[in-house]
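Thanks for coming. I will go through one structure today, a few residues at a time. Please have a look at it first.

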Amino acid sequence: MKREVGKEEPGDGRYYTSKVIKTEKTDEGYEWKQKLIRSAETSIELSANYAGGKDFLKILDLIEERLREKQCLKVHLLLNPDLLESEDCDRLRSLQEEYPERFFALINTTPIHIDDVHTEENHVKVLVVDEKYFVAGGTR
């Protein structure tokens, strides 16, 4: 695309700054996700390709903690049902009942049913916190 002389496109440093951090291991990425959730002030948007099991319950614990601490916080989760266990579903229902105006979980009604996937994988695709911190990809 040809740019006109004197017309600069917005970029890093002119209107905003950004930092990209690549993690070496999934555990490090999982730790970053936890830190971001703990820092949330106004919003948490989490889209999990697969979520469930002990690591997902830890994330729900952190989310509940932030909902208690931050009265203006809103949470939106997009989930597939394939790895959700009964305890996961119970916690989601409980959070929706406790925070009906601030916690929303949308579960895809068409399961993907992939064999050989285990709940420990808890594959989160996207996490956005406060509309400015963004994590993409990773397992756990």
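Where does Asn 80 lie? Asn 80 is in the loop that runs between β2, residues 74-79, and α3, residues 86-98. Please keep in mind that this is a predicted model. Is Asn 80 buried or exposed? Asn 80 counts as buried because its relative accessible area is 9%, and the cut-off for buried is under 20%. The Asn 80 side chain also has a partner: it makes a polar contact with the side chain of Asn 108, at 3.0 Å.

The 13 residues of α3 should span 18 Å at 1.5 Å a residue. The C-alpha atoms at its ends are 18 Å apart, so the two values agree. Which residues of α3 are buried? They are Asp 88, Arg 91, Leu 92 and Leu 95. Looking down the axis of α3, these buried residues fall within an arc of 100°, so they line one face of the helix.

Gly 52 sits between β1, residues 43-48, and α2, residues 53-69. Gly 52 is buried, as its relative accessible area is 0%. Gly 52 and Pro 81 are 29 residues apart in sequence, and their C-alpha atoms are 8.6 Å apart in space.

On to the tryptophan. Trp 32 belongs to helix α1, residues 26-39. With a relative accessible area of 34%, Trp 32 is partly exposed. Lys 35 lies over the face of the Trp 32 ring, 5.4 Å from the ring centre. Trp 32 and Val 135 are 103 residues apart along the chain, with 8.4 Å between their C-alpha atoms. As for aromatic pairs, the structure has zero.

Last, the cysteines. How many disulfides are there? The count is zero, taking a disulfide as a pair of cysteine sulfur atoms within 2.5 Å. As for accessibility, Cys 72 is exposed, because its relative accessible area is 52% and the cut-off for exposed is over 50%. Cys 89 has 22% relative accessibility, so it counts as partly exposed.

That is what I have. I can go back to any of these residues if you want to look again.

Note on methods
Residues numbered from 1 in each chain as written. Predicted model: local features only at pLDDT ≥ 70, side-chain atom pairs only at ≥ 80, totals over all residues. Heavy atoms only, no water. Phe/Tyr/Trp six-rings, centres within 6.5 Å; stacked < 30°, edge-to-face > 60°. Lys NZ or Arg CZ within 6 Å of the ring centre and 35° of its normal. Helix = DSSP H or I, 4+ residues; strand = E, 2+ residues; numbered from the N terminus. Buried < 20%, exposed > 50% of the residue type's maximum accessible area, 1.4 Å probe, protein only. Polar contact = N/O pair within 3.5 Å; in protein donor to acceptor, adjacent residues only side chain to side chain. Expected span 1.5 Å × (residues − 1). Arc of directions from axis to C-beta.
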